[in-house]
Amino acid sequence: QISILQWVLFYFLAGSIWSSVQYIEHAFTPRDVIEGAYNLKAPKLLEWILLYKPWDLNHHRYPQVPFLYLPLLSKDQRIPYFQQYLRLWKGPQMTTTASPPMRERS
């Protein structure tokens with residue numbers, strides 16, 4: 001049986017990991033609703049554990065495609081996952097780019 005404390009800890013850790021992954025994939029990208037993510041080059045085991053989340057640009061471009069097929073969609077240049085993670089430690093960067101307009105999918 002799982003205690004309430006274990007449930008709370010699990011949800012806290014799951015939320016922390018998920019939000020961290022979101023930040024890694026979207027930081028320093030173009031301010032665009034669809035193109036505002038990276039496909040990251042991660043070890044195969046990490047891709048599998050994260051349900052192919054490192055292929056987030058493909059997900060933005062083709063949201064209807066199941067996650068298993070995201071690696072098959074495009075082979076754009078990918079930034080190494082851990083290189084992008086270390087880049088975050090430089091801190092935020094000021095931008096003067098306007099927020100992207102919402103646009104309809106074609």
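Contact means heavy atoms within 4.5 Å. Helices (H or I, at least four residues) and strands (E, at least two) are DSSP runs, numbered from the N terminus. Buried means under 20% relative accessible area, exposed over 50%, and partly exposed in between (1.4 Å probe, protein chains only).

## Model and overall build

This is a predicted model, in which local features need pLDDT of at least 70, side-chain atom pairs count only at pLDDT 80 or more, and totals for chains, interfaces and linings use all residues. Residues are numbered from 1 along each chain as its sequence is written, and side-chain values use heavy atoms, without hydrogens or water.

The protein has four helices and two strands. Read from the N terminus, the order is α-β-α-α-β-α. The C-alpha trace spans about 50 × 35 × 30 Å along its principal axes. The protein has 106 residues, and 30% of them count as buried. Take the contacts between residues at least 6 apart in sequence: 57% of these join residues at least 24 apart.

## The nonpolar core

A nonpolar core is a set of buried Ala, Val, Leu, Ile, Met, Phe, Trp, Tyr and Cys residues joined through side-chain atoms within 4.5 Å. The largest one here has eleven residues. Its members are Val21, Ile24, Ala27, Phe28, Tyr38, Leu40, Ala42, Leu50, Ile79, Tyr81 and Leu88. Two helices, α1 (4-26) and α4 (81-88), each supply at least two residues of this core.

Ile24 is a core member. Beyond residues up to four places away in sequence, Ile24 touches Leu40, Tyr81, Gln84, Tyr85 and Leu88.

Helix α4 has Tyr81, Gln84 and Leu88 as its buried residues. They sit on the same side of α4 because they cover an arc of only 70° around the axis. The arc is that of the directions from the helix axis to the C-beta atoms.

Several elements cover these buried residues, including α1, β1 (40-41), α2 (44-49) and β2 (79-80). The face turned away from the buried side carries exposed residues, Gln83 and Leu86.

## The loop between α1 and β1

Phe28 is found in the loop between α1 and β1. Its phi is positive, about 65°, although Phe28 is not a glycine.

Tyr38 is buried because its relative accessible area is 18%. Leaving aside neighbours within four places in sequence, Tyr38 is in contact with Glu25, Ala27, Phe28, Thr29, Pro54, Asp56, Leu57, Ile79, Gln84 and Arg87. Tyr38 and Thr96 are 58 residues apart in sequence, and their C-alpha atoms are 21 Å apart.

## Around α3

Asn58 lies in helix α3. It counts as buried because its relative accessibility is 0%. Neighbours within four places in sequence aside, Asn58 is in contact with Asn39, Leu70, Leu73 and Ser74.

Tyr52 is found in the loop between α2 and α3. Its phi is near 60°, a positive value in a residue other than glycine. At 19% relative accessibility, Tyr52 counts as buried. Pro71 has its place in the loop between α3 (56-61) and β2. Pro71 is at 12% relative accessibility, so it counts as buried. Beyond residues up to four places away in sequence, Pro71 touches Tyr52 and Trp55.

## The N-terminal segment

Ser3 lies in the segment before α1. It counts as partly exposed because its relative accessibility is 34%. The C-alpha atoms of Ser3 and Pro54 are separated by 33 Å. Along the chain, Ser3 and Pro54 are 51 residues apart.
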